[in-house]
Each structure stands twice: as structure tokens, then as C-alpha cells.
Amino acid sequence: MAKTLFEKVWDAHVVHEQAGRPSILYIDLHLVHEVTSPQAFGGLEERGLPVRRPDLTLATMDHSTPTRPGGLAVVGDAGRKQLEVLARRCAEHGIELYDLDSPYNGIVHVVAPEQGRTHPGMTVVCGDSHTSTHGAFGALAFGIGTSEVEMVLATQCLLQRRPEPFEVRFKGRLAEGVSAKDMVLALIAEIGVAGGTGHVLEYRGEAVRALSMAGRMTLCNMSIEAGARAGMVAPDDTTFEYLAGRPGAPSDYDGAVKRWRSLATDDGAVFSRSVTLDASAIAPRISWGTTPAMNVAIDESVPEPDSDSARRALEYMQVDPGRPLLGKAVDVVFIGSCTNSRLDDLRAAASVLDGRRVADGVQVLVVPGSRAVKRAAEAEGLHEVFQKAGAQWREPGCSMCLAMNGDRVPPGKLAVSTSNRNFEGRQGPGARTLLASPLTAAASAVNGFVSDARSFENLKKRAS
Amino acid sequence: MKPFLELNSRVVPLLRDDVDTDQIIPAKYLTVTDRSGLAEGLFESWRSDPESVLNHRGDAQILVAGDNFGCGSSREHAPWALLAGGYRCVIARSFADIFRNNALRNGLLPVALDDASYDRLLESLHQSPELEVCVDLFLCQVSFEGQLAKFEVDDFARECMLGGHDTIGYLLSKSDEIAAFETRGGAA
């Protein structure tokens, strides 16, 4: 029978099925960070259970880590305790940990792919909703709660009801100055924040094929903002070239590639839902409200409110309907997060900031996704571009995306952010967030108001 | 986890869609290594308004919200905080997937009502805000003022909640199957 990519990966991981019970699904890679794991390790200890497969578990520190130099010494007390607990638990159970001294440290969804740990056809979980990122490789990857983290630590398995496959097709090619971030924001505006509930999205079509792995990760990363369980892209030569030679790549690489090629959705496979977007018609997008679905094309007017939610969002955001956000003064620009902190993203931002200055009074943070990204960016001089422009070049971590580490947007201030959530107070109490691409963020940093990077001259075509 | 059979309670109407887990429990409360201090952070921002219905919970144990409750982050601190804050059930039009899973694993019952039943509940609440609602997990029904609304919940999760036991025991009982899967070379 013809199967979708999702169905192939799911079926290959079902350990046991029983009527009236969820499926038992085997997990190939379990990623762990400091925030959602301490109670799970505590639960194991109470039950006297070992970690079943420490060799399939990888931990990093990212959420409450400082982006100022100084490591553990400059973390707040609460955050430090959590980091110490993670280090102790990893040592106890023999789990590999990218701690703050590790050259591989960084955001969990950046480091696992760049170390070659995420492979096509794998099941990947983490106590983090943006685990959907890893679907860019053709893995089935999704976020879980702490009880489930405990389950996976103890059994390497999860109890899951099978979600339904949902085809998202982007036909045509993206225009210059438009990126994967704009694609996914356009999708969420189209299907809504609960449009993907109970489903696994498969991104298909010419515009998806043309994306780099960084772009595909951005796309899959925000699948959860459409309510989807996961997002996936079938692996192809772009995937195989990316993974080749990375530390975690399989030793029989040619054999692996041969297997991975068979993962693509078969002709005639049936999706339970399908939506098609014209990629060539997508403009840079920017959010105006307090859910990721509340977004428009950058030159489009903010819509008149048609619901209580929209009215509340406009009031919170202090945004006027009936005109575009272009020209609205911004206070903070954040370039980073598991959505947009990879080398391609930093290159895109640098292409705008190169030879220009950040507007007076605008605080600009550039936070690379990992130490490896930071090293690569510095090797090509991007840090100098940012610093000369007046932006702050920081240490890697989740940083201002969720404001757990002290990096936050001050109350009432307006930020253009390349992160994934514009919820009330997400970037700090009272913070107001406009979600956008690295190009839009950088252009807004230069002008000091919401700006369209396509109006900048000499823009290098480097967008991911 | 405490068994959940039946709950009779007044409700707190938080009639908003897309209530995200950052509202339920802000990130700054996530630095705990146990489950302490979460009641304090529950809906912190909205509760800063003294008029908020969330500040007049009284002894109500049921929260009523709109569409897509619990969207956003996977933090299990969200159901922990709701439980710590005295809630045992959330009635909504729909739930985000991860939140629903997390709630069920902790004995916080997510009840999604169809539109007609939900609208009837809101209408009754509008007439009598002090309305007592009965949520019966054994019969999978919500009743109020002589009206009855059925709801669906995953069979296995229901069984676990009724018995007050967590699901890890079931997984551990399948260790032989898991070992056999690994011996076969897993998915590769």
C-alpha cells in the first residue's frame, strides 16, 4: 500500500499494539535540556529505575544559560541549580552532556542536527515543543511533557495515538528577500494556530525542495505554532550533503543514504488533509497580534478586529488596525532562537547590517544558536559586521525567545524578533513581540522602525 | 496521581481562545527542580488585575475556556500549576495536543465539548454564574441544571485516571517486547 513519509517512519517504530491501548512507539533519539527534565530524573530515582538507553540520549544546557561571557558563574541562583542538577543526573546515568564548557553547547534543536545526530527516518523527542525542528531531516520529531520524558528515559518508548498526515504544498519559488520564516508564517495565517491539531504536516513542493537545511528547520520548527504534532520534509540530496561528514553521521553512509531515499511519500499515498500555497506570491510576513497566526504581509494593513481575541491582541500590542506596521518605531531587535539562529540566518541578517548602523536607541541582540554556529560566523567575520553596526554579539542560548535567562524585552517595549512566539509577556512581562524573518529584523534595526528589507540596496541574496 | 471519578463544582469562566502555556505559567517559574511554587505563578499576568475572574475562584475546581486551550510550549508545569491552583478539570471547545497529554498524565481532566453543548453551558452560566457542574469521568458526561453533555476521552487515559495510576507501569510491563524490538535492530 502506498504510504506517506510520516506513515513509513511511524510504522517502522511501533513496538507493540493492543486494542484499546495507545501504540508503543520506539524512540531513536531523546534530547534533554535543563528545564523539563529534573522532575523526570527525580521520578526515575523514586522508582529506582535506570536510564534504559543513555547511548540514545543527548543533553544540552540552553534555556537558562547566560549569553554574557562567564558561564555558570553568571547564572542566577534558580537557573544555576537546574543546570547543576542536569550535570549531576547526566553523570549518574552516563548521558552525554554539552555543558557550558563544551565546544558543542547550544540550543538543543540547533546542536543535534549540526552534530549529525538527527537522521532521516528517526523518531526524535524532547521535552520541548520545538522538537518539530528535526522533521526537516525526514525524522518524526515532536515535543513531549516531563512525564513522557521520564517514560522515555525508563523505557526508550512512548505511548502515542497515531496522528493523521497533512500535506502542505508550496508551489512555485520564493521571491528574493523572502525566506522560510515567511513561508511558515503565511501557512499559520492560512490554517490557524489549531489548524494542524492531531496532524503531522509534510512540507512538499518546489519551494520546499529549494530550501537549505537551515530553511527547512525554520519551516518545521514552527509547525507546532499551527498546532501540529510535527512537521516533516522528505530527505533528498540537500539533506544527505548536509549530514555527510558530521560527527554523528552513520559509518556506512552510502548504505544509509540508500535506505533514506526510500522514505519519501509514495505516489498515490493518501493524506487526510491537504493545503496548497503559492510560494511565489508570499511576501515577507510580520505578526501584529499575540498568536503566531495574527500575521500579515509586511506591506499589508493590520486587519480590523473580528473577534474578542483580535481586539484584546490589538489593545495589548498597541497596534492600530487599517494600516501596515511599516514605519512603526521599535525598541528592541532579537536575532536568534531555535527558529532563526543558524549560520544562514546570521548571514541573512549580516547582509543587511553590513556597512550600516543600528538606529539610535534600538537595542539589538544577535544570539547564535550554538558555539559551532558562533565559531563559523566569526570565521567569516560576521561578528565584526554586527559589532560595527552597533549590535550586541552574544554567547549561544535560547535567550530572549522566552526570557528565562535574564535577556528580556522591557515592559511595554516593542521588539522585532526572529523567534517563534508572540504570546503576551513571552519575551518578558509586558513585552510586545513582532515575529519576522532575520532580514526584516535586521532592516528594522537599521531604520529603527518596522522595515521591508527588499527596499535596501545591495542586499546579498543569502536568505535561508 | 489522585483517582478522578466524579467532580461537582462551580466553574471559573475564562472565556478566551488560544490560552497559551506562557499565560498559564510564565517561563520565570520554570527554574524549579521539583513542583513547588507553581500556584503562585498560575496566570500571573492576568491575575495582576484584581477584577479578573481568576482572582474569584472561591472553591471552584473547574476552569471553562475557549478554543485551543494550552497551546504553545510543552511545559508540564502548566497542568501542575493548574492542579496546585486548585483546578481538577478544564472544560473547553478544544485543547492543544501536548497540553491534553500532559493534563491526562497528571489527573487534570481536559473535557472538550461539542459546540452545541458548550454553548448551552455558557448560556446556563450566563443565567446563573454560581451554577454547579457535575463532571462524571466514568460515564463521560457533564451535567448542569438537568442538562446532559457527553464528551470523549482516550480510553486508556480514562482507565488510568479512574484508577489513579500512571501509565509508565504499562510500558514497563512490555519490557520484553521492547527488548525484542531492539534485538531486531530497531527501526533501522
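Reader: How many residues of chain A are in contact with chain B, and how many residues of chain B do they meet?

Author: Please keep in mind that this is a predicted model. In the model, 55 residues of chain A are in contact with 43 residues of chain B. On the side of chain A that touches chain B, two or more residues come from each of β1 (14–16), β2 (23–26), α2 (38–47), α3 (77–93), α5 (146–155) and β8 (157–160) of chain A. The largest share of that side is supplied by α5(A), with six residues.

Let us now turn to the chain as a whole. Chain A has 15 helices and 19 strands. Its radius of gyration is 21 Å, close to the 23 Å that the globule rule gives for 464 residues, so chain A is as compact as a globular protein of that length. Taken along the principal axes, the C-alpha atoms of chain A fill a box of roughly 60 × 55 × 45 Å.

We can look next at the sheets. In general, the strands of a sheet pair through backbone hydrogen bonds, either parallel or antiparallel. In chain A, four strands make an open sheet in the order β11-β10-β9-β12, and their pairing is parallel. At the edges of this sheet stand β11 (230–232) and β12 (273–278) of chain A, each with a single partner strand, so one side of each has no neighbour in the sheet. On average, and with direction ignored, neighbouring strands here are turned by 20° against each other. Within the sheet, β9 (residues 164–171) and β10 (residues 199–204) of chain A run parallel and are joined by six bridges, and A:Phe166 stands opposite A:Leu201 in β10(A). Helix α1 (residues 5–12) of chain A packs on this sheet, where it touches β9, β10 and β11 of chain A, and its direction makes about 130° with that of β10(A). Helix α6 (residues 180–191) of chain A also packs on the sheet, touching β9 and β12 of chain A, and its direction makes about 125° with that of β12(A).

Another open sheet of chain A has five strands in the order β17-β16-β15-β18-β19, again with parallel pairing. Its edge strands, β17 (392–393) and β19 (432–435) of chain A, each pair on one side only. Two bridges join β16 (residues 363–366) of chain A to β17(A), the two strands running parallel, and A:Val366 stands opposite A:Trp393 in β17(A). Helix α15 (residues 438–447) of chain A packs on this sheet and touches β15 (332–335), β16 and β18 (414–417) of chain A, with its direction at about 150° to that of β15(A).

A:Leu346, A:Arg347, A:Ala350 and A:Leu353 of α12(A) make the contact with A:Leu382, A:Val385, A:Phe386 and A:Ala389 of α14(A).

Key
Residues are numbered from 1 along each chain as its sequence is written. Chains are lettered from A and ligands numbered from 1 in the order in which they are written. This is a predicted model: local features need pLDDT of at least 70, side-chain atom pairs count only at pLDDT 80 or more; totals for chains, interfaces and linings use all residues. Two residues are in contact if their C-beta atoms, placed from the backbone, lie within 7 Å. Two strands pair if DSSP finds at least two bridges between them. Axes are lines fitted to C-alpha atoms, for helices over the stretch in contact, and angles run from 0 to 180 degrees between N-to-C directions. The radius of gyration is taken over C-alpha atoms; the globule rule is 2.2 Å times the number of residues to the power 0.38.
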